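Subject: Handover of a structure

Dear colleague,

Please find below the structure that I am passing on to you.

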Amino acid sequence: MPFLLWQLFFDLGSLHSGHFSPVVRLLTRMDESEELPRAQVYGASSSFGARVPLVLRASSRGGRGVFAGTSVREGAEVEVCPVLALKRDHIAAECAGMRYFFGGEDGNSLLCVLGYGMLYNHAKSPQTSAQQGSKEFSNLSYALHESPEDVRDALDGGVCVRFVARRMIEEGEELLIDYSDRWWQTKKEDPL
Ligand SMILES: C[S@@+](CC[C@H](N)C(=O)[O-])C[C@H]1O[C@@H](n2cnc3c(N)ncnc32)[C@H](O)[C@@H]1O
């Protein structure tokens, strides 16, 4: 049975690089029998929530998008989202949520990422310094982290998703993450 989901995969090599922020890719899964890579989980976040004002409005990329309500400095935490972990076998493959869920740590769960987490639209990750500064490319990186200790819930796998600014973001800019090329290929669609 075809089955689609987003799987977080963190590019460890870019974690500490000065110029490029951490990159997490959203991989797509087409076949239930396929083994998913385990996603890396990083240290505990201090608390949940949006760190800057976030505005939801129509996006030229399609449907709704999330926009910065203020300027954001490079490296700043933008949002730390709690998740609801759902068993992948309990969700119908045709469910509209499949375009929204993230992959869990172990491949057997889907993460319903709360807050604005499931609504960020896509742009490719920058690969060069010039791209890093360009508005054509994603301006947020994201990764799985342990939830804040006082509210860590075993039912959600004890994880959350943390979004960080890759570069300085201007007030009013759309906040964009990289879903991965593979995500679009498996959808047989091209991103705008
Ligand atoms: C997780 S949703 C993002 C929120 C969505 N825009 C909404 O209004 O619900 C993913 C969907 O948004 C749209 N989308 C996101 N980024 C896009 C892009 N760069 N180009 C075209 N469509 C995009 C696609 O329809 C995709 O299936």
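The notes below set out what was found, beginning with the chain as a whole.

Overview

Please bear in mind that this is a predicted model. The protein chain contains two helices and 13 strands. It has 192 residues, of which 36% count as buried. Among the contacts in the chain with a separation of 6 or more, 73% are between residues 24 or more positions apart.

An unreviewed UniProt entry places the feature "domain: SET" at residues 52–180. That span is 3% helix and 36% strand, and the C-alpha atoms at its ends lie 25 Å apart.

Strands and their partners

On one side of the pairing, β11 runs parallel to strand β3 (residues 41–44), to which it is joined by three bridges. Within this pair, Val41 has Leu144 as its bridge partner. β11 also pairs with strand β12 (residues 159–165), here in the antiparallel sense and over seven bridges. Tyr142 and Phe163 are bridge partners in that pairing.

The nonpolar core

Which residues have the most contacts inside the largest nonpolar core? They are Val78, Val83, Leu111, Tyr120, Leu140, Val161 and Leu175, in a core of 33 residues. The elements that supply two or more residues to this core are β6, β7 (77–87), β9 (109–113), β11, β12 and β13 (176–177). Of these, β12 gives the most, with six residues.

Apart from neighbours within four places in sequence, Leu140 is in contact with Val78, Tyr120, Phe163, Val164, Ala165, Arg166, Leu175, Leu176 and Ile177.

The surroundings of the ligand

There are 15 residues around the ligand, and Gly62, Gly63, Arg64, Asn121 and Pro191 come nearest. β6 (64–68) and β10 (121–122) are the elements that give two or more residues to this shell. By type, the shell comprises six nonpolar, six polar and three charged residues.

Two loop residues

Ser180 is found in the loop between β13 and α2 (181–187). Is Ser180 buried or exposed? Ser180 counts as buried, because it has 21 C-beta neighbours inside 10 Å, and the cut-off for that class is 20 or more. The phi of Ser180 is near 95°, a positive value in a residue other than glycine. Most residues other than glycine have a negative phi.

Asp150 lies in the loop between β11 and β12. Asp150 is exposed, because 6 other C-beta atoms lie within 10 Å, and a residue counts as exposed at 12 or fewer. Asp150 and Val52 are 98 residues apart in sequence, and their C-alpha atoms are 23 Å apart in space.

Yours sincerely,

A colleague

Conventions
Residues are numbered from 1 along each chain as its sequence is written. This is a predicted model: local features need pLDDT of at least 70, side-chain atom pairs count only at pLDDT 80 or more; totals for chains, interfaces and linings use all residues. Helices (H or I, at least four residues) and strands (E, at least two) are DSSP runs, numbered from the N terminus. Two residues are in contact if their C-beta atoms, placed from the backbone, lie within 7 Å. UniProt positions are given in the numbering used here, feature names are shortened, and annotations may be inferred rather than shown by experiment. A residue is near a molecule or strand if its C-beta atom, placed from the backbone, lies within 6 Å of it. Ala, Val, Leu, Ile, Met, Phe, Trp, Tyr, Cys and Pro count as nonpolar, Asp, Glu, Lys and Arg as charged, and the others, Gly among them, as polar. Two strands pair if DSSP finds at least two bridges between them. A nonpolar core is a set of buried Ala, Val, Leu, Ile, Met, Phe, Trp, Tyr and Cys residues joined through C-beta atoms within 7 Å.
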